[in-house]
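These are my notebook entries on a structure that I went through one topic at a time. I set down what I looked up and what I found.

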Amino acid sequence: MAERAAPGLLARWHRARRADGLALRRALPDRLLPLLVAAMAVLAALALAGATGAAILSARWSAGAASLLTIQVPDPDAPAASPPSTRADAVLAALADTPGASRVHRLDKAELAALLAPWLGQATEFALTLPAIIELHMAAETGAETGADPDAASLARRLATVAPGTLVERNAEWGARLGRLADSLHGCALLAVAIVAGIAVVLIAATTRAGLAARRMPIELIHAMGASDGYIAGRFARRTALLAFVGGLAGSVAALPLLVLLSRVAAPFAQAAPSPAPASPADWATLLALLRDTLPTPLIVTLLALAPAAATIGWLTTQATVRAWLRTLP
Amino acid sequence: MIRLRDVSFRYETAGASGAQAPVALRQVSFAVPQGGFRWLLGPSGAGKSSLLRLLALGARPTTGTLELLGTSIAPARRAALARLRRRIGVVHQDFRLLPDLPVFDNVALPLRLQRRPEDEVRDEVHAILDWVGLGSRAAARPPQLSGGEQQRVAIARAVIHRPALVLADEPTNALDEHQATRLMDLFRDLSGLGTTIVVATHNDALIRRRPAHALELAHGRLVRDG
């Protein structure tokens with residue numbers, strides 16, 4: 001007789017675990033829940049990508065714009081207030097003494113033409129005299145830390161003495177607006193992640209309740225025989241956590257191509273041009289290197305955390321659902 | 001040991017009418033010492049099943065106090081009740097075997113819930129199945145067994161973990177004369193080893209064969225204790 005033969009240790013352990021009558025494979029089938037969790041994971045991955053992207057854009061725009069002042073000098077070639085230098089040269093000389101300035105750059109003709117191309121086309125000669133455009137880059141540590149925060153108004157007053165009519169525009173104001181926009185996008189993306197997590201909780205709770213209803217008789221029986229709430233809830237929770245982990249993993253993998261595509265589209269706004277994609281990834285190492293180069297590190301980390309997070313949500317939700325259900329028993 | 005003081009029990013109200021369910025037990029008081037044996041008698045609807053349900057911790061008294069195996073039930077926490085249930089063996093009238101599990105696993109349930117080693121589980125289950133005459137049916141599933149065989153599986157499951165209290169509701173209904181006698185002998189032996197036993201039955205022949213202290217219920221009241 002089969003039972004009289006002594007089976008291996010692992011086989012006996014497995015047998016003891018599944019022989020309590022709960023039949024969790026039937027209570028919580030191994031297809032529906034992972035599929036639903038995978039769909040949730042794809043949505044969560046996209047929302048997280050949005051959150052990560054918005055955070056990166058916010059940081060870049062804020063940092064970039066805050067450190068730049070744009071100065072317009074009308075009639076740049078006219079003599080300055082103190083000849084023999086021109087107005088543009090006088091402004092450049094004055095800017096060289098600005099505390100915290102890391103770079104002073106006057107846009108040349110080609111750069112000006114490129115700047116005006118959207119409005120004037122690819123012209124190289126203009127009928128009107130264009131103002132000189134000077135970019136004043138401040139050092140990264142400039143600001144509250146050094147006490148040398150560039151004050152556009154005082155700088156404009158100083159430059160007006162050497163070249164009257166010079167305009168100073170502080171890009172930080174635009175940077176702050178863009179930063180607020182990016183922060184809003186970041187918040188919306190996090191809200192979307194929270195909603196997806198909430199839906200996952202509701203979904204797992206409903207699936208668990210269906211499983212409890214399907215296995216009511218054996219649950220009541222082993223409860224009456226002394227199975228603790230912790231034992232029954234633990235058996236259900238481990239099963240749900242496993243299924244949610246599988247679903248989360250599948251969803252993360254399914255979301256990868258979309259995320260790579262989105263990252264490549266967003267790359268020009270966030271960083272230097274992405275590395276070119278190989279025509280066909282030769283091996284896993286190449287593929288991993290491509291992912292590492294394409295996806296921002298925070299997004300890779302959150303993607304790796306999706307499956308464990310899904311498992312944790314599944315475990316906690318099932319524990320709470322089963323324990324609440326068991327409270328209806330004496 | 002078992003001690004009831006003025007225990008009344010009413011099932012939870014059910015149905016849209018909100019009408020209260022009738023009182024199943026009224027002011028029942030009695031005590032059974034450790035190792036005591038009691039017949040539980042009374043006509044259908046007298047409250048025998050309700051009393052067994054309370055003793056099996058399947059419900060809590062509506063009023064009164066119930067003390068079981070040294071634990072007062074009313075203030076006990078759920079974890080303590082679960083531990084207490086593991087010291088009780090119940091033979092249900094309708095057997096309550098799990099149809100998906102082989103006989104072996106059905107009988108092994110109480111031991112596995114106590115996390116006993118699998119080697120020990122295997123030896124104990126085979127020993128008890130041999131004793132009830134089902135050693136060759138360990139791999140069968142309950143629906144493949146006759147009523148008498150299912151009852152023997154239920155009895156084996158109720159006593160395999162040597163509980164401190166055995167509650168049996170009509171445990172000989174589907175047994176032949178020989179098996180019924182063997183079961184009563186087993187109960188006598190267990191009682192001698194300190195197990196408290198309460199057996200509800202309508203079987204007068206069985207009661208005559210084994211005269212013992214009886215608790216008799218009528219309309220939810222205890223009308224005889226002796």
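Which element gives the largest share of the lining of the largest pocket? I looked this up before anything else, keeping in mind that the model is predicted, and found that α8(A) supplies the largest share, with five residues.

Entry on the pocket. I noted a volume of about 1000 Å³ for the largest pocket. Its lining is made of 38 residues, of which A:Pro330, B:Arg53, B:Gly58, B:Ala59 and B:Arg96 are the closest to the centre. I then listed the elements that give two or more residues to this lining: from chain A there is α8 (216-224), and from chain B there are β1 (2-10), α1 (48-55), β6 (88-91), α5 (147-159) and β7 (165-169).

Entry on aromatic pairs. I searched all chains and found two aromatic pairs. For B:Phe9 and B:Tyr11 the ring centres are 4.8 Å apart and the planes stand at 70°, and because an angle over 60 degrees counts as edge-to-face, I recorded the pair as such. I also checked the accessibility of both partners: B:Phe9 has a relative accessibility of 5%, so I count this residue as buried, whereas B:Tyr11, at 31%, counts as partly exposed. The other pair joins B:Phe37 and B:Trp39, again edge-to-face, with 5.1 Å from centre to centre and 85° between the planes. Here I found both B:Phe37 and B:Trp39 to be buried.

Entry on charges over rings. Returning to B:Phe37, I saw that the charged end of B:Arg210 sits over the ring, 4.3 Å from its centre. I noted a further case at B:Trp131, where B:Arg182 lies over the face at 4.4 Å from the ring centre.

Entry on chain A and its annotation. Which residues of chain A does the UniProt annotation "transmembrane region" cover? The record, an unreviewed entry, gives residues 32-57, 184-207, 241-262 and 297-317, and I compared two of these spans with the model. Residues 241-262 of chain A are 100% helix and 0% strand, and the C-alpha atoms at the ends of this span lie 30 Å apart. For residues 297-317 of chain A I likewise read 100% helix and 0% strand, with the end C-alpha atoms 30 Å apart.

Notes:
Residues are numbered from 1 along each chain as its sequence is written. Chains are lettered from A and ligands numbered from 1 in the order in which they are written. This is a predicted model: local features need pLDDT of at least 70, side-chain atom pairs count only at pLDDT 80 or more; totals for chains, interfaces and linings use all residues. Side-chain values use heavy atoms; hydrogens and water are left out. Rings of Phe, Tyr and Trp (its six-membered ring) pair if their centres lie within 6.5 Å; planes under 30 degrees apart count as stacked, over 60 as edge-to-face and the rest as tilted. Buried means under 20% relative accessible area, exposed over 50%, partly exposed in between (1.4 Å probe, protein chains only). A charge sits over a ring if NZ of Lys or CZ of Arg is within 6 Å of the ring centre and within 35 degrees of the ring normal. UniProt positions are given in the numbering used here, feature names are shortened, and annotations may be inferred rather than shown by experiment. Helices (H or I, at least four residues) and strands (E, at least two) are DSSP runs, numbered from the N terminus. On a 1 Å grid over the protein atoms alone, a cavity is a set of points where a 1.4 Å probe fits but cannot get out, and a pocket is an open set with protein on both sides within 12 Å along at least five of seven lines; lining residues have an atom within 4 Å of a point. Grid points are joined across faces, edges and corners, and a volume is the space filled by probe spheres set on the points.
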